[in-house]
Amino acid sequence: MFYHKKIFRSFLKKILPLIFNIFQFFSVNRRVINFLNDKSFEANNKYNFDQSIKDLLRNSKILALDIGAYGGFNSDNYFPSRYEKFFEPIMVEPQRDEAEKLKKKYTYVIDKGLWSSTTNKKLFFLKNRPGSSSMYKPNKKFFSAYRIDQKNYKNFEITDEFEIKCETIEKSLREISIDKLDYLKIDTQGSELEILKGLGDYKPLMVRTEVQILSMYEDVPNWSKLLGSLYEKNYVICDWKGIGPHVTRTPVECEMLFVPNFRNDEGKKLIIENKEKFISLMLIFGQIDLLKNIIKDIKLDAPEFIEKIQDRYFN
């Protein structure tokens, strides 16, 4: 089998330049590359870790704070939906109508905005794209970097403005008697940094946040400040996935995934004390080789089957 693979790889190496030229001739080379890249991100979704996660968690749930919960928990299928049952979602949605819908489905719904302090903020509502509503105004001058067709500019027009009450993550979670957080997701069209400032003493095992490198909204803080804030909170990036079209050679917008810094004592301690949930999250999000590396580096007592899993992303 190994010999056959070696021959195939050697053959592929020779014909790839020809295949690339064909794709380029038909102007589909980037489309093919993007398709293959997306499939690489999803490669580990073929595994089903259901029983393994059940054994790890037993009867406990992964506490997840979903900030920017329009459409429901994991509505973008960022991880396989079969794993949603292992989470206890805490939904944050300041849009009144959407919050009422969420309350019919979820136990915990925070119907206020989140910010770095207790304050009132203005929410700019986009009726044609409710999920793109923000506390920052969209600016048409910035749309070209996202390859937004001019005929679709109307989808980003502000159709209403709401004054909403905002609290910090820390205060909001204390009010509903949540004293621990395992997974934090923030997708708020530019206010991610301000929200993170209100995290307080909570130390999630994984953070997923949207990052706008070239924002389409006015006055959004530079993206490097958001990364710096997470670094100061002792997190390191482990995944970076571009969102949508762009004119630059790197994404103008992306989803980033962070885990505790396993290279220092604080990060190691957090992982070790919560190893069952940490391992479960890493399996759910397909971070196989990194999980193996962390297990080895910090001498984490983990199930033996993990060492035998092949990370298909790197195939």
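This is a predicted model: local features need pLDDT of at least 70, side-chain atom pairs count only at pLDDT 80 or more; totals for chains, interfaces and linings use all residues.
The largest nonpolar core comprises 42 residues, of which F87, Y183 and L283 touch the most other members. At least two residues of this core are supplied by each of α3 (50–57), β1 (62–67), β2 (87–92), β10 (253–260), α8 (265–273), α9 (275–284) and α10 (288–297). Helix α9 provides the largest share, six residues. Beyond its neighbours within four places in sequence, F87 is in contact with K61, I62, A64, F73, F79, Y183, L281 and I284. Another core, of 27 residues, lies apart from the largest one and includes L63, I169, I186 and V207.

The structure contains 17 salt bridges. In one of them, D76 pairs with R208, with the closest N and O atoms 2.4 Å apart. D76 is located in the loop between β1 and β2 and R208 in strand β8 (residues 206–212), so this pair ties together parts 132 residues apart in sequence. D76 is partly exposed, at 41% relative accessibility, whereas R208 is buried, at 2%.

Two further salt bridges are found within helices. R174 and E170 are bridged at 3.9 Å, N to O; both lie in helix α5 (residues 169–175), four residues apart, about one turn of the helix. R174 is partly exposed at 43% relative accessible area, as is E170 at 26%. In helix α8, E273 and K269 are likewise four residues apart, and their closest N and O atoms are 2.8 Å apart. Both of these residues are exposed. Salt bridges with shared partners join D76, R208 and E255 into one network.

On the surface, F8, F11, L12 and L16 form a nonpolar patch with about 380 Å² of accessible area together. F11 belongs to helix α1 (residues 2–25) and is partly exposed, with a relative accessible area of 48%.

Technical notes:
Residues are numbered from 1 along each chain as its sequence is written. Side-chain values use heavy atoms; hydrogens and water are left out. Patches are made of residues with over 30% relative accessible area and no salt bridge: like charges are joined within 9 Å, nonpolar side chains (Val, Leu, Ile, Met, Phe, Trp, Tyr) within 5 Å. Accessible areas come from the Shrake-Rupley method with a 1.4 Å probe; for residues, only the protein chains shown count as cover. A salt bridge is a side-chain nitrogen of Lys or Arg within 4 Å of a carboxyl oxygen of Asp or Glu. Buried means under 20% relative accessible area, exposed over 50%, partly exposed in between (1.4 Å probe, protein chains only). A nonpolar core is a set of buried Ala, Val, Leu, Ile, Met, Phe, Trp, Tyr and Cys residues joined through side-chain atoms within 4.5 Å. Contact means heavy atoms within 4.5 Å.
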